[in-house]
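This briefing is meant to be read alongside the sequence and the coordinates. Please keep both in view while going through the points, which are grouped by topic.

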Amino acid sequence: MSTQKAIVPLLTPIIGMMPVVGFFLVDSFSSYNAALMSALVIYIAYFLIGVLWLKYEPTYTILLSTVSFLIFIGVSIITPFNLLYISKASVFFSLSIILVFFIFTRMQGFFRAKILLKEDKNPEFKILKFDSELYVMKMVLFTQVTYLLIVLVYQLLPDNYHNTRADFIIYHLIILIFITVHILYEFIHWNMIRKRMNNEEWLPIVDDTGGVHGKIALSVSQMSGDKYMHPLVRIALINKGRLYLKERSGFPLSENHFLDYPFERYLRFEETLDEGVKKLFLIME
């Protein structure tokens, strides 16, 4: 297995929240400055390994997370340290994340249109990827807003409910649990999707001249009706001058109740005509 393939599972959209987890984790058990440095190291490692070395296009999640982190650092610089410490750094970071992610989700139509306007062979895949990231962002917003609501309720409680242990649970442990559970869920979810996609059959998308303009999963094409064109291998059976035909019955992507050649099969993506014919003969056997 290549190094690039081995690291692919680590480049899912939710990976953009790993620096945030690093910050909250270190901030819970060490100093504020150490938490800043931890998050910064994770961000730099992502861009050096994922973007510069593996040449992966950075996800919207990591970009927005980076912007949130920069805003947080800016607020930290202009805010007296004592005020930041009293108000808890995690609250400031959560507020910056909510602000940036909320603005992006409100502008989702603009970014979706920008993707469609680009000259791309397979814009449907990029839209699907964008929608997947958008779902992750909305989940991040939900966890951050829920955390701030818990903090607000805690602040409204009488002083006798406030102590060192309660502060640790409210300002550090809860948000850490929220984000960690979300990341674990997304990793499991994306791993399941990846396994399903590995078992998926892919068809080439062609134009009227037979030129290939991308690929699409067989299951997706079946649900899309006649939206896409795919190359088809067909074998005619002639016996004693008579052409054998049969009625279509539930053949994928084809019309039913029409008479046609009995043996046909769609070519898979990057499959040659000879390979397609051989596999069709295997099916016939």
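The model is predicted. Its protein chain contains eleven helices and eight strands, and of its 285 residues 36% count as buried. Among contacts in the chain with a separation of 6 or more, 61% are between residues 24 or more positions apart. The accessible surface comes to about 17,600 Å², and carbon and sulfur atoms account for 66% of this area.

**The nonpolar core**

- The largest nonpolar core has 46 residues, and those with the most contacts inside it are Met17, Val20, Phe23, Phe24, Phe93, Phe101 and Tyr147.
- At least two residues of this core come from each of helix H2 (18-29), helix H3 (32-53), helix H4 (60-78), helix H6 (89-106), helix H7 (108-117), helix H8 (123-156) and helix H9 (164-198).
- Helix H8 gives the most to this core, with eleven residues.
- When residues up to four places away in sequence are not counted, Phe93 touches Val20, Phe23, Phe24, Ser68, Phe69 and Phe72.
- Phe72, which is placed in helix H4, counts as buried because its relative accessibility is 1%, under the 20% limit.
- Leaving aside neighbours within four places in sequence, Phe72 is in contact with Phe23, Tyr32, Leu36, Ala89, Phe92, Phe93 and Ser96.
- Phe72 and Leu95 are 23 residues apart in sequence, while their C-alpha atoms are 8.6 Å apart in space.

- The buried residues of H3 are Tyr32, Ala35, Leu36, Ala39, Tyr43, Tyr46 and Gly50.
- H3 is followed by Lys55, a residue whose phi is positive, near 60°.
- The residues buried in H4 are Thr61, Ile62, Leu64, Ser65, Thr66, Ser68, Phe69, Phe72 and Ser76.
- Thr59 lies in the loop between H3 and H4, and it is buried because its relative accessible area of 4% is under 20%.
- Computed along the sequence, Thr59 and Ile14 are 45 residues apart, whereas the distance in space from C-alpha to C-alpha is 9.0 Å.

**A nonpolar patch on the surface**

- Met37, Leu40, Val41, Ile44, Leu48, Ile49, Leu52 and Trp53 form a nonpolar patch on the surface, and together they have about 780 Å² of accessible area.
- Of these residues, Met37 lies in helix H3.

- Asp27 has its place in helix H2, and with a relative accessible area of 10% it is buried.
- Apart from neighbours within four places in sequence, Asp27 is in contact with Tyr32, Ala35, Ala89 and His172.

**Salt bridges**

- A search of the whole structure finds three salt bridges.
- One of them joins Asp131 and Arg112, with the closest N and O atoms 2.3 Å apart.
- Asp131 lies in helix H8 and Arg112 in helix H7, so this pair ties together parts that are 19 residues apart in sequence.
- Asp131 is partly exposed, with a relative accessible area of 31%, and Arg112 also counts as partly exposed, at 23% relative accessibility.
- Glu271 is placed in the loop between strand E8 (263-266) and helix H11 (273-284), and it is buried, with a relative accessible area of 11%.
- Leaving aside neighbours within four places in sequence, Glu271 is in contact with Arg265, Tyr266, Gly276 and Lys279.
- Arg265 forms a salt bridge with Glu271 in which the closest N and O atoms are 2.8 Å apart, and both of these residues are buried.
- The side chains of Lys279 and Glu271 also meet in a salt bridge, at 2.9 Å from N to O, although Lys279 is partly exposed, with a relative accessible area of 40%.
- Through salt bridges that share partners, Arg265, Glu271 and Lys279 are joined into one network.

How values were computed
Residues numbered from 1 in each chain as written. Predicted model: local features only at pLDDT ≥ 70, side-chain atom pairs only at ≥ 80, totals over all residues. Heavy atoms only, no water. Helix = DSSP H or I, 4+ residues; strand = E, 2+ residues; numbered from the N terminus. Buried < 20%, exposed > 50% of the residue type's maximum accessible area, 1.4 Å probe, protein only. Contact = heavy atoms within 4.5 Å. Areas by Shrake-Rupley, 256 points an atom, 1.4 Å probe, with all protein chains shown as cover. Core = buried A, V, L, I, M, F, W, Y, C linked by side-chain atoms within 4.5 Å. Patch = residues over 30% accessible without salt bridge, like charges linked within 9 Å, V, L, I, M, F, W, Y side chains within 5 Å. Salt bridge = Lys/Arg side-chain N within 4 Å of Asp/Glu carboxyl O.
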